[in-house]
Structures are given as C-alpha cells and as structure tokens.
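Me: I'd like to learn how to read a model like this one, step by step. Could you walk me through it?

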Amino acid sequence: MSPVLQLSNVVKAYGEHRALDGVDLSLPDDSYISLLGPSGAGKTTLLRVIAGFETPESGTIRFGGRVINTVPPHERGIGFVFQNFALFPHLSVEENIGFGLTNRKIDPVTDPAKVKARVREIIELVGLTGLESRAVTQISGGQKQRVALARTLVTEPNMVLLDEPLGALDANLRSRMRSELKIIRERCGVTFLHVTGSETEALAMGETVLVLDNKQIAQQGDADSIYNRPNSPAVARFLNCYNLFSGRVEGQAFATSSGALAFAGAAQPAASAAYAIRFDRIAIRPAGMPAGEGEVKIEGDFIASEYTGSAINSFFSLDDGKVFEVESHLSHSEPETYEPHGRYSLVWKREDALVYV
Ligand code: ADP
Ligand code: MG
C-alpha cells in the first residue's frame, strides 16, 4: 500500500534550538499509528509541522502523493485534535461540532439542514446522541474528548492527528476510550496519528508504533517488534519493561558493575552499549541455587512488591545498588511473598537478553 504521509529529513528549530532534527517517516493509509516519546521529545512540534501550523527549516512533507510544505493548514485535509480539547465554551455540543463545517474557508456548508444532518451523523459515530444541546461546560471529560474528535471528523479529513487525546481522562475512561477511538477510526477509514507519552497506550493502540527519541524517529514497527526487539537502549528505556545495564562486551558475556552477564546470539549496533532483560522474563529463586544450563543468574535483596492487577512487580537491590525489577504474571501461579531484605537469585535465559554495542 502506498504511504499516505511521508516525511523526509524534516528539521524544525525554535530559534537556536532544534526540536526536530532529521525526521523520516512513512505512514500507511487507513491505519492506527501511535507515536511514543517522553515529554519534550518534540511530539507536539511534529504534529504541528504535519498540520501546517509550523514551517520546517528543511525537509519534505508529502501527503497523498504531493508535497505540501507550502500548503496552508486548512487546505491540507488534515484534522487536528488538540491536547486540551480547545472547545468553544459558549457553544453547545452541536454548535461546537457544526462550527468547523459552516466556518471553514474552503467549501463551507451553509444549508442549515445539511449541517444538521452531517452533525447528527457524526454525533452518532462518536456516541454523543442525547447531548446535542448540552453546553460543553456541562459534560464530562470523556464527552469533551468526543466533541473535540467529532469537530474534527465532521470536516472529513484524510488523516487525523491526535495530541495526547487521552491524557486528561481518568484511568477507567482512558482504557474505554482506547477501544472506542479504534472503532471510530475503522468506521472513518482514514489514518489516525495518535501521540502519547504512555508506552502501554502506544503499544495497545498502534498497528504501527513510532518512537521519537533524540529529535528523530528512533524506531518504527508493529507493537510486537517494538516490544520484543527495541533497536536501542533508549527505546528499551521508554518501554519501561526492561532492566538495562551499561558496560561492554567481553566474549559472549557483557561486563557490568553487577557482574558478567552471559548472552546468546549477536549484539546489535546502537548509539550506546547496554544489556537489557525484560521484567517478565525473569524467575525469582532462593539464593545460592546454581543457575541451570543456558541461564544467567545474579543475586539481589528484596525491597518491595507492587500489585498491578494481573501481575506483581517485585523490586530487588543488586550489590552495586542498582534496582532490578521482575514482573510475575499471576495467571501463571499464585502470588509469592518474599522476605523483606531477603536474598534471592534472579534468573533468566541467555537468549532472552538483548545486547547493544
Ligand atoms: P512534546 O510534545 O513531546 O512534549 P514539544 O514538541 O512540545 O514536545 O517540544 C519539543 C521542544 O521544543 C521542547 O524543548 C520545547 O521546549 C520546545 N518548544 C516547543 N514549542 C516551542 C515554541 N513555541 N517556542 C520555543 N520552543 C518550543
Ligand atoms: Mg506535547
């Protein structure tokens, strides 16, 4: 499938400071894409450049096959759902949604009956039926989010940019809105580019996940390959599910301040060297037990555990003071209790480690 959006070597600076430094990406049409990056990574800047609110210093933006660098925002056919919703407080739900349709520069819809019909359709799509004449100051956060989305969708964009759309919602609503956003997108049939600082949200939602690091796209792939094969220590760190050790390769082991850690297979080149082992690939055993064939073992003192519902995350202090995290899925076994300050063996398979050089 030909890409709907392509950026080549896009640079955006604010004064002397570069917020984006050579962004390359290529997004498929009719797909849910998530873009993950920590606060300050340049996520909002990237969306604003794509929408046309910011002009890049250099690079090319291609949308639907044509270069749009100089096309004004309202002529791009790209919708933007702002982080803070940006609703008109003095207008009703219906009026907020209809506003973009009647007031757009190109092809405004002036026939009130047509506006009404179109708005009704969208209200149904986003699940706001019954709230049409409610003031937007008198609806919940989740409903405001739907109005913001509806206001964009009513203009029939060819792509929708969403800037941390679930950030303002509480945890319950956030997980419900995740699946609703996916359903709404499928009905619209256009690409949604959803920006988030949450690794769980990015992995759960994106058919394709992009990771923004160091002002560039560090990795692009499906959720599974990002999660299982992060291509750099920085990406592994954002995912918040890997223990990372710095050090250097010595033969088939990686020398760290916590000891020599064996690995199998090839190390991958990256900007910095590291050894990574995922939280959920580690077994906790009594101290002193020798490691089995093909296993790697370190020892640590138990600090504390944290229940997350389906799993327990246990924290250990290694002899160099480093904190080491283990995630045990409760579907596999009954929760274990560990002795406070007790010493344990932490064991994983050599081939589960990722090594960067
Ligand atoms: P994110 O959305 O990932 O948190 P932003 O795109 O908002 O990141 O910001 C990226 C960097 O650009 C930050 O260092 C931020 O301070 C800077 N920045 C963003 N907007 C402006 C602006 N209008 N003027 C100057 N610097 C800005
Ligand atoms: Mg932002």
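Predicted model: local features only at pLDDT ≥ 70, side-chain atom pairs only at ≥ 80, totals over all residues.

Me: Which residues belong to domain 1 and domain 2?

Reply: Domain 1 covers 3–228, and domain 2 covers 243–356.

Me: Now the ligand. Which residues surround ligand 1?

Reply: A residue counts here if one of its heavy atoms lies within 4 Å of the molecule. Around ligand 1 you will find Y14, H17, A19 and P38, together with S39, G40, A41, G42, K43, T44 and T45.

Me: Which polar atoms lie close enough to ligand 1 to count as polar contacts?

Reply: The cut-off to keep in mind is a pair of N or O atoms within 3.5 Å. T45 places a polar side-chain atom 2.6 Å from an oxygen atom of ligand 1. T44 does likewise with a polar side-chain atom at 2.8 Å from a ligand oxygen.

Me: How much of ligand 1 does the protein cover?

Reply: As a general idea, interface size is often given as the accessible area lost when the parts come together. On its own, ligand 1 has 560 Å² of accessible area, and the protein covers 58% of that.

Me: And which elements give two or more residues to the shell around ligand 1?

Reply: Those are β2 (17–28) and α1 (43–51). The largest share, 3 residues, comes from α1.

Key:
Residues numbered from 1 in each chain as written. Chains lettered and ligands numbered in written order. Heavy atoms only, no water. Domains from an automatic or database assignment. Polar contact = N/O pair within 3.5 Å; in protein donor to acceptor, adjacent residues only side chain to side chain. Areas by Shrake-Rupley, 256 points an atom, 1.4 Å probe, with all protein chains shown as cover. Helix = DSSP H or I, 4+ residues; strand = E, 2+ residues; numbered from the N terminus.
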